[in-house]
Amino acid sequence: MNQHIKSLQSPGHQQSNQKPKEIHAPVWNEPVILEMGYPGRRGLVLAEVEPEISARVPETDALVPQSMRRATPPALPEMTEPEVLYHYLRLSQQTLGMMSMSIFGTCTMKYNPQINEAMAWRPEVTELHPLQHEDTMQGALEIVHRMDLVLRELSGMDQFVFQAGGGADAAYTSAVVIRAYHASRGELEQRNEIITTIQTHPSSAATAAAAGFKVITLMLDENGYPSLDALKAAVSNRTAALMVNNPDDMGVYNPEMKEWVRIVHEAGGLCFYDSANFNGVMSKLRAREMGFDACMFMLHKTFGAPKSGVGGPACGAYGCTKELARFLPKPIVVKQGDHYHLDYDRPESVGKLREFWGNFPVIVKAYAWTRAMGAEGISQAADISVLANNYMEKGLLAIRGITRSHPDAKTPRIDMTRYSLQQMKEETGVDVHDVQNRMTDFGLDALWTSHEPWLIPEPFTPEAGEMYGKEALDRWIAVMAQISDEAYSNPEHVKTSPHNQSVHRLKPGYTDKPDSRAMTWRGFKRKHA
Amino acid sequence: MNAIKPHPYMANSVPELQQQMLESIGVEKIDDLFVQIPKDHRVTRPIDLPPRLSEYELRRHMVGMLSKNQTTETNLNFLGAGCWQHHVPAAVDEVVRRNEWLTSIFGEPSSDHGRNQAWFEFCSQLGELLDMDLVGLPVRSWGMAAGLALRMAARQTSRHEVTIVRAVDPERLSVIRNYCEPPEMENHIAVRLVEFDPSSGKIKLDDLRAAVSEQTAAIYFEVPSYFGVIEDQAQEIAEIAHAAGAMVVVGVDPISMGVLEAPINYGADIVVGTIQTLGVHMHAGGGTGGFIASRDEERFASEYPTLFISIAETIEPGEYGFGLGLFHQSSYGLRDKGNDWTGHSVYMWAIAGAAYMAMMGPRGFEEVGTQILQRAHYAAQRISEIEGLKIGFPDGFFKEFVVNFDGTSRSVAQVNDALRDEGIFGGKDLSAEFPELGQSALYSVTEIHTHDDIERLCSALKKVISK
């Protein structure tokens, strides 16, 4: 191989003897769309109203009561179709996302297969109305039912429902079902406490509180998980439920979880397993076999459907035991012979958490993912993600300024590891936000720090997942090593980063302070005129 | 180590690479990395799933199932009731399907600049439609937006009762109840329903006055209502609420905003609604999404549970970027001490909405609103000419209206079954939800319904009710 070819390096490849190369993001200097266009231009023009209609029905004035007619037209831009299209295509190009590599912890960034997108964008999906008669949606309902069966097999639960529009929404579903269960026993007023842990996703605590429960949050001991004594002290006849993930957001698995479930059950509480970090334990354990009464899967992450900027559309599949199934939101898809039926006749149901019966396109993508993977593929994905995490840990801990949380917890972490850059910060002044920004100069999506509150200073939490190859992981490690070198030799270069991105860093605090923040263009013009 | 075929989605499924990585870590086999998990936590039997499919097999399998669906593209659809068939421009679909933002995660403001700008432009354009300065990133549905807005009002007024007009979608009301009740919970919000006038479908103002008190945190009503009715007493309703120190929460369908007044101008404090009608397909209900908007005042801003995206100066003079605002007050920032909760929502539909609103512009919204009104009223008039059929609330509706079948010998269910044989999806059956309306259905007519479509519906209706 000649020298020239040898020095070529694509962003996804790392050769051990080379410094990682930087990228250049597009800079389109795209105006805010409300500043674009020209009066009179149109992006969409409708057909003329047929003369038969206009002859009988006059235009708006007579059809809308005077007091309710719009007085001033909205100040929207006036643009042609290509102007709008290319504006948004340029903006899409200024979105780094997963274009090179994103291993954003707890979000399980994985490949979003194109075949799944192609299926979900077929008119048999996009052009369905949710209230169509079930006879006209047999294909849709079959997919929902098949996905239900897959999730039952993975979790051991008896019934899933897909109404929740995300993981937090499924956690809220759980809190609402917990309410209904205790209300049915006349114990809801007494059982008004939900126990969770500080390393369970914030949405478990938040949804429990929004549902009206008092939240008891258990802190970690030196092993990286709360002690049994802490749980025992929290459990009482006021306990409505335990809401917990395992492994947690640091990749630590609580080996006493079965005992936890036993203790909570003994006290009359329910146990909800948040499968947020399921990727590392897929096919290794079932929530039901652990004793849990209910669990939740995020189809938009663990099952290959896209995250869309932590934005969704998403789907939280909530599953539970037979005993709790009567409280589930309705309808439920049930198979009756060869027919799929939307069962609304569920008198004890909590009703609706979101309108209609589920985020069908996301279910299509998730189901397709499970079929493309098969049981072996899913098992292998868990293996590979845990292997990749531990492989990365070896490389990252060799980098100056990086330490691991809970050094006493010696056993390998599951699907992610929590690190700290505190030493780097103390020695160089470079903090985790500086490193996040500098990473993007190399085309890497910024590392994820930690949910609030930060339990260890300057945290970061990569989750390698199963998609990326060893050479990509090596490049991520090499970029971190490079940034560490820079921090110790030229910290200003890191602190003023990014240098190659679409725009520079935002001024600190600008998006929060009442006099500067502006959540709309009109708000901005008013505040900054 | 698994000896199965390397998988197209997994670069490290090549056994050799796994071996290299194991050697680097210094463990013998992958299972050694799972020592944290006690044996008695492990599955009692292996996972048993249908076999793995190749991409071509998968396509066949999926298309085979999907082809059993009948769509609103090949049938003539008059179902609405919270999810509506409007035209979605092809350019909007091209924008929303871009992998760059479809597959992204939060990112940094400097590196995910374009997606943040698109989100900001969604909020900004919706703000123009609503005449409001503060618009949160979307929530999962209209019902959820209403439920969360009523909780905002309760926190802001320190009151624990809300008054809701009963002419509301029962699905949405159920969502709202799940956000406010049950009474066993401390700080629950009591939901008080106010009747609608059986002849006009509008709110009974005297009943409203009687229901509103110093306990009332907010009045919630919709324009148009569930029955499609344009509530023209909106200003009086707002005055009743404000006189009692309550807030006014109004639900709207933003596609009406080219012809209907923005609620802030008749007294709304918080406005909620759907975003599905802004360039999002129905997706069997997956297109559902909601928004919350208000004035940009601290008393409102501090109570939002949503995330925000703010424009901001960067450290480079003259340059602007976009970043999350007021993150700290959300459940991401404060867990159970935050404002209710947030999480994955429907932000891709925000990008669709941004492109849609820009393509429509002020003239497009006026045109689509006008056409919907004309076509819907034409359809209602033509249906009302059919013997035995009556329009429930014939005056002042937008795109939906109630068709009553009591003058025929058919139930709505029977009519809809027969219409289906004609390739028509009839309106939503209201007979169980609102028995006082008799055998009635809610029909939705939008800009996509042509004269010929409406005539076809009328011919089919005549046929099926005379059978």
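Mentor: In chain A, residues 24 or more positions apart account for 75% of the contacts with a separation of 6 or more, two residues being in contact if their C-beta atoms, placed from the backbone, lie within 7 Å. This is a predicted model, in which local features need pLDDT of at least 70 and side-chain atom pairs count only at pLDDT 80 or more, while totals for chains, interfaces and linings use all residues. Residues are numbered from 1 along each chain as its sequence is written, and chains are lettered from A and ligands numbered from 1 in the order in which they are written.

Chain A holds 17 helices and twelve strands; helices (H or I, at least four residues) and strands (E, at least two) are DSSP runs, numbered from the N terminus. The radius of gyration of chain A, taken over C-alpha atoms, is 26 Å, close to the 24 Å of the globule rule for 529 residues, so chain A is as compact as a globular protein of that length; the rule is 2.2 Å times the number of residues to the power 0.38. Its C-alpha trace spans about 80 × 65 × 55 Å along the principal axes of chain A.

Chain B has 14 helices and 15 strands, and its C-alpha trace spans about 80 × 55 × 50 Å along its principal axes.

The part to examine closely is helix H5 of chain B, residues 113-130. H5(B) is mostly covered, with 18 of its 18 residues buried. Just after H5(B), Asp131(B) adopts a positive phi of about 60°.

H5(B) lies across S2, S7 and S8 of chain B, and runs at about 65° to S8(B); axes are lines fitted to C-alpha atoms, for helices over the stretch in contact, and angles run from 0 to 180 degrees between N-to-C directions. These strands belong to an open sheet of seven strands in chain B, with the order S2-S8-S7-S6-S5-S3-S4 and mixed pairing, where two strands pair if DSSP finds at least two bridges between them. Strand S2 (134-135) and strand S4 (190-194) of chain B are at the edges with a single partner strand each, so one side of each lacks a neighbour in the sheet. Within this sheet, S7(B) (residues 270-274) and S8(B) (residues 290-294) pair in the antiparallel sense over five bridges, and Val271(B) stands opposite Ala293(B) in S8(B).

Finally, consider how the two chains meet. The contact takes 182 residues from chain B and 190 residues from chain A. On the side of chain B that touches chain A, helix H12 (residues 347-384) of chain B gives the most, with 24 residues. The residues of that side of chain B divide into 76 nonpolar, 65 polar and 41 charged; Ala, Val, Leu, Ile, Met, Phe, Trp, Tyr, Cys and Pro count as nonpolar, Asp, Glu, Lys and Arg as charged, and the others, Gly among them, as polar.

Definitions and conventions. Expected span 1.5 Å × (residues − 1). Buried ≥ 20, exposed ≤ 12 C-beta atoms within 10 Å, placed from the backbone.
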